[in-house]
Structures are given as C-alpha cells and as structure tokens.
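Please read them alongside the coordinates.

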Amino acid sequence: VYPLWDAKLAVSHAVRNIDEALDLAAEDLTLRTALLDARLVAGDEGPFHSLGAGAYREVFGLERLNDFRSLLVEERRQRHLRFGETVHLLEPNIKSGAGGLRDINTGLWAAKARFGVESLEDLAAHGVATVRQQGELSAARVLPQRVRLAMHLTSRRAQDRLLFELQEEIAPALFPDAEIPGDGPRSSSAVAPAVERLMHAFYRAARTVVLETEGLLQRCFDDAPTEHQDQRGAPGSHTAQLEPPYELLERSLSLSSPELLWDQPEQLLRVFEVAADAGLRLGRPLQDAIAEAAAGDPGRQLPADGETAERFRRLLSRPEPQDALLHGRSLLERMHDLGVLGALIPEFEPCTGRVQHDLYHVYTVDRHSLAVVCWLKALCAGQPLDVPRAAGLPRAASPEQVAEELEDLEPLLLAALLHDVAKPLGRRHSEKGAILAAGVAARLGVDWEGQQEIAFLVRRHLTMQHVSQRRDLSDPLVAERFAEEVGDAQRLRRLYLLALAD
C-alpha cells in the first residue's frame, strides 16, 4: 500500500475476517457494493469464495434486496442533488452527475446483486436487458471513461468536473477532424467544432445511461418506480374501460402481447393515447417493448403511416396536466425518451444531445425544443405561469389572452417543435429549418396552408427578438416593415408566443 500512497493514489485497506466483513456490509452501502466488485488479487481462493457466498446469502438474499434497492436509489438521488440532477449541465461531473460513470456502477450493482452478473456484457445472457439495451449501455460507457482519463492527464490530478477550459483543452485531441457544418466559417474559437462534438457525444451518452440504468434498476427490483418516473396512475374507476390488448398491471399500463407493436406499428402511438386517456404511466415491460420496436422495423415504418401521423398531431395538441408539462413528463418527452419521436420524425433525431459552444445556449437542442412546446401548451391551457410581457402591449393583452385568441393551436406547436430542427446543419438554421419543417408537416398530413404557416414561423422565429433588440423602435418604418412581413393578426399572435417561449 505504501508505494501506492507515494504515487498519490487514494487506496484504503482493512484487515477483517469473513463474519466481520459481512456484519459491516449489512450496515454500510459502500461496503456492500465493494463486496459486489471484489476481486482476488493474491492468496487462498477458499476464503475469497466463502466471502462471496456469504454476501449473496446474508447481504443480498431475496429478503434483503428491497433494502438494497432503497439504499441504491436514495444514494443516486442524493448524489444527483449534489453533483447535478440533469445530464445537460454546461460543466457536468463525469463521474457522479446524472448520466455519469457512477450511474453505470449503480445499475451494474443492482444486476450483480439480483442476478449474479459479472459485467455489463453479461446482462443480455441473464435476461436483465435486451441485446440492444446491453450494447447501448456498454457503448455509452466508453466516452465518459476516455474523457475522464483525458481530464486526469491534462489536469495532472484527479478531476471529475468537465470545466469549460478542460473542454477546450481535451476536445481537439478527442475529435481532431470536427468541423462546423454549413456553408462558411462561424465567428467562434478554433476549438468550437471539437467542443461541440465532444459535448454532443457526452450528452447523448449520458442520456442513454440515465434511461437504461433507470430501466435496469426497475427490472432488477420488481418494476419499482424510480425518482424520474411519473408517479401518477393509481387505479380508479376509469381504468376499467381499458380494452384488449391493453390491461392494468401493478398500477401501470401493460400490453397483453408486446408482439403487436411489431405487427401493428401504429400501436407505438396508440399506446400513448391509451395511457393519457386512462391516466396511467407506462409499465417498465411496456416501455422496454416500445423502445425495442421504435429502434427496429416498426419504427422505420412510422414516417410513412398516415394514421400514425394523424394520431401524433392529436397527441401534440391535447391538453396535459400542469405537473406533467412543467416537470419533464409530457407525452412528447416520454415519446422522445423511448425513441418514438425520433422514429416518426427522423429530422429531429440529430438534435438529440446537440449543443452550441457559445454564451447563449444552456439546453441541448432537443430538450430546448420540447420545453418550448410544453411551455406553450401550459400557457394555452390557461395554466398560471410567471411569464414576461412584451413592452408596449396594453395590460389587457397578456400572453394568456393572446393565446386565447388563437384560432388553431396546431401550427404553433409543430413550429415550436421544429423551430431549431436545422441546428445540426450549421449556419442559417432558420432558413434550412423552414424547408425541413414544411416537409415534415406535409408528411404528417398538414394541408398546404398549414405547411406554409409552419415554414414561416420557423423561418422567422428570431425576427421579433432581432427587431426589438437591434432596431430603432421609435422609427415608424421599423414597425411598418415588420407588419408587412408578418401579414396578419393570427400570424402575429403565433410569432409572438413562439418568440416568448423560445
């Protein structure tokens, strides 16, 4: 141990017999997880195997698993509170934050305790995950490990927080060929393309870690809810109206035959409609089945299915509870997390985890776009929000009252979802996005007039900000030109609400 200390490595040691080790582990989570990760370095194999057998008998027996689950989930919750509850922090903690390496450890510890797996690569063989889930989680671990190692080497010390200066130092080495897409150079530092590639890759990996380890914890512990899950769904009289193939299972929506998602791809959207009507959360087995189908052939068939497109437009516009809209549990966000949104609108998928290396953007493009939709839906549903007001408007013209005067909500919500869809394509994203948005709208069955309205809103979604902040508002010509460009009062209302939400 002394040479390791001299090398400035944090290594602890203790001398205990088997009974002492098991007694202490029963009271301490760190020692429990250490037993799960134990390896024989040297010495007699007999006592080592006796220790492992005693741990699975006394510490990880079936009657103790619920206690272990509670400790793991609580440790995860407290750690996220301390180091970051979202994967989208600008300076994330690679080890301990949400989606970090410790989350992977937590999921693996659960699988080790419940099913005796040895590594992530054993999950599918033990039935704890599908081959796809195992592959995604294993792949998501690679980048954070590389990044953390690069941070240690660059800092010449233990460093787990990916600070801005570290991003700029390590990104060019990790992504030497990164370029900003588009038709010309952008006025930013030379390392910006590499930093954007780095953070895009990290956010996608962290998102995968959060989603997959959450599912892993549930599958290991009898579908117990975790902290990010929608807790609504206590059975009531309305749940009796569920019709086959949908059924109620442990207070969650279930599908009697998950193969239906493969035989009838339209069920990938129908399931969200049924859950919303019944006020139920999606059970973990159903979530897994949806994610598998969305990543496979059924997901690839969605963009060409007219019935699915119509159902999506209904889901997009339907009212939702305020707590769901404002706490990341909207229908749209759940569809995104399970891969259904990206399957239905492939143009949106490149936005996932996309970030810009500048002073203005805090959210990734996908989360920002979904938040804009949720904010607008809450506002248009008359839910009380602490919102800014446009200078110069009469007091009676509050954003809520402007929303009440809208004749059709659908163009605004589709434009909100797609307003940044071309961000991954580089400069002039508004112009490029208008073309993409019009194509998506046409595929979703929106009529020609609606397509043009959505394209206008996407093309001009920054116009109000630019005019108000960069032009002389005392010049009558400024207002006149703006009015000519907008054209009519309905379009002005939509543009105003989109600008406000954005």
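Which residues does S254 touch, not counting residues up to four places away in sequence?

1. S254 touches P245, Y246, E247, L249 and L286 under that exclusion, where contact means heavy atoms within 4.5 Å. The model is a predicted one, in which local features need pLDDT of at least 70 and side-chain atom pairs count only at pLDDT 80 or more, while totals for chains, interfaces and linings use all residues. Residues are numbered from 1 along each chain as its sequence is written, and side-chain values use heavy atoms, with hydrogens and water left out.

2. S254 is found in strand β2 and counts as buried at 13% relative accessibility (buried is under 20% relative accessible area, exposed over 50%, partly exposed in between, with a 1.4 Å probe and protein chains only). Strand β2 comprises residues 252-255 and is covered on both faces: S252 and S254 are buried on one side, L253 and L255 on the other. Helices (H or I, at least four residues) and strands (E, at least two) are DSSP runs, numbered from the N terminus.

3. Strand β1 (residues 246-249) pairs with β2 in the antiparallel sense over 4 bridges; pairing requires that DSSP find at least two bridges between the strands. L249 stands opposite S252. The two strands form a hairpin with 2 residues between them, and E250 in the turn has a positive phi of about 50°. On pairing with strand β3 (residues 281-282), β2 runs in the parallel sense over 2 bridges, and L253 has L282 as its bridge partner there.

4. In one of them, E320 and K377 have their closest N and O atoms 2.7 Å apart. E320 lies in the loop between α14 (306-317) and α15 (322-326) and K377 in helix α18 (residues 365-380), so the pair ties together parts 57 residues apart in sequence. Both E320 and K377 are buried.

Notes:
Salt bridge = Lys/Arg side-chain N within 4 Å of Asp/Glu carboxyl O.
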